[in-house]
Each structure stands twice: as structure tokens, then as C-alpha cells.
Amino acid sequence: MRVIIQRVKSSQVTVNGEIIGKIGRGLNLLVGIADTDTDRELDWMVRKCLELRLFPNEGEVGERWQKSVQEINGELLVVSQFTLYGDCRKGRRPSFDRSAAPQIAEELYNRFIAKLRLSGLRVETGKFGAMMQVSIENDGPVTLLLEQEALSS
């Protein structure tokens, strides 16, 4: 599982000219599901997204990494992004062999969202499989790649 996590002042996702998800201060999460992902990877990623200290204390200068999105009562915008598993090493067209099949990816994506919602934070989403336009006002900018490879049982 791969997530591009961005600290944002605001973010929104539009489908067919209609805003379907919009947040203020918080995290924009672009989510890629691999063909090997299970609930184990989802649980790890949920914890990381909710607990990473990516926000400053209000009013403090120079202290950028003090609070998590939970601690600031921030918001989350979650957008499916199968292209995070695009492999561009060969040829001129990316291969998406490591991306989960759409039916499996959608199920895991929805479970990921449900687990994030258990935090009590406001969670908005894109529309799985749709052509979306995502507007991001990145704060910092702060952008990180989180990756959790499936572990052998």
C-alpha cells in the first residue's frame, strides 16, 4: 500500500464539474492499493496517517512537527490513486501490474476509509474509478510517501 500524504490548508475533489469532497486544514491522502495488500497493511497505514506529527503548535515559530492530524482535530480527504503503482522502468508506457484489480482495490479502499472514520475526524473522499480533479493547497509544502509492503505470513 502506498499513500502520498500532504499537509494541506484546504483540498477538494471534483467529478464532472461537481465538488464531491472538500476539507479545510488537515491531510490530503492519495491512496494506491497493491495486489498483495490485506487488512494488516490497512491497519498500519491508518495508524501512520492519524498519528504522524506533521503539524506545528499554534503560535510557535520553528516547531513544525509537534502534532498529529488527530491532535489538531484536522480533516482528511482520501482519493484513490492506482497510478501510485505505475512502473515506468521499461518502455514508454507505465505498467500497473502491481496495482490491485479494481474490485479488490475498491473494497480495500472503502475499508481504509471506514477505519479512518473510526477516529471521529471528518473524512471526505473522491469517487473510486472516476476521472477526478484534485485541488490541493499544500501547507509547507509538506508531502511524504508512506509505503507498507505486504508482510509474509
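**Chatting through a predicted model**

Author: Let's start with threonine 14: its relative accessibility is 13%, so it counts as buried, since buried means under 20%. Keep in mind that this is a predicted model.

Reader: OK, and where is the place of threonine 14?

Author: Threonine 14 sits in strand β1.

Reader: What does threonine 14 touch, if you skip residues up to four places away in sequence?

Author: Leaving those out, threonine 14 touches Ile19, Met131, Met132 and Gln133.

Reader: Let's jump to glycine 129. Buried or exposed?

Author: Glycine 129 is exposed, because its relative accessible area is 70% and exposed means over 50%. You'll find glycine 129 in the loop between β5 and β6.

Reader: What separates the C-alpha atoms of glycine 129 and threonine 14?

Author: Those C-alpha atoms are 13 Å apart, while along the chain the two residues are 115 residues apart.

Reader: Which residues of α2 are buried?

Author: Ala105, Leu108, Tyr109, Phe112, Ile113 and Leu116. They cover an arc of only 145 degrees around the axis, so they end up on the same side of α2.

Reader: And what do the buried residues of α2 pack against?

Author: They pack against β3 (26-32), α1 (39-51), β4 (75-80) and β5 (122-125).

Reader: What about the largest nonpolar core: which residues touch the most other members?

Author: Leu29, Phe112 and Leu116 do, out of 28 residues in that core. Two or more residues come from each of β1 (2-15), β3, α1, β4 and α2. The most come from α2, which gives six.

Reader: Which residues does leucine 116 touch?

Author: Not counting residues up to four places away in sequence, leucine 116 touches Leu29, Val46, Cys49, Leu50, Leu76, Val78 and Val123. There's also a second, separate core of 10 residues, with Val13, Val15, Leu77 and Met132 among them.

Definitions and conventions. Residues are numbered from 1 along each chain as its sequence is written. This is a predicted model: local features need pLDDT of at least 70, side-chain atom pairs count only at pLDDT 80 or more; totals for chains, interfaces and linings use all residues. Side-chain values use heavy atoms; hydrogens and water are left out. Buried means under 20% relative accessible area, exposed over 50%, partly exposed in between (1.4 Å probe, protein chains only). Helices (H or I, at least four residues) and strands (E, at least two) are DSSP runs, numbered from the N terminus. The arc is that of the directions from the helix axis to the C-beta atoms. Contact means heavy atoms within 4.5 Å. A nonpolar core is a set of buried Ala, Val, Leu, Ile, Met, Phe, Trp, Tyr and Cys residues joined through side-chain atoms within 4.5 Å.
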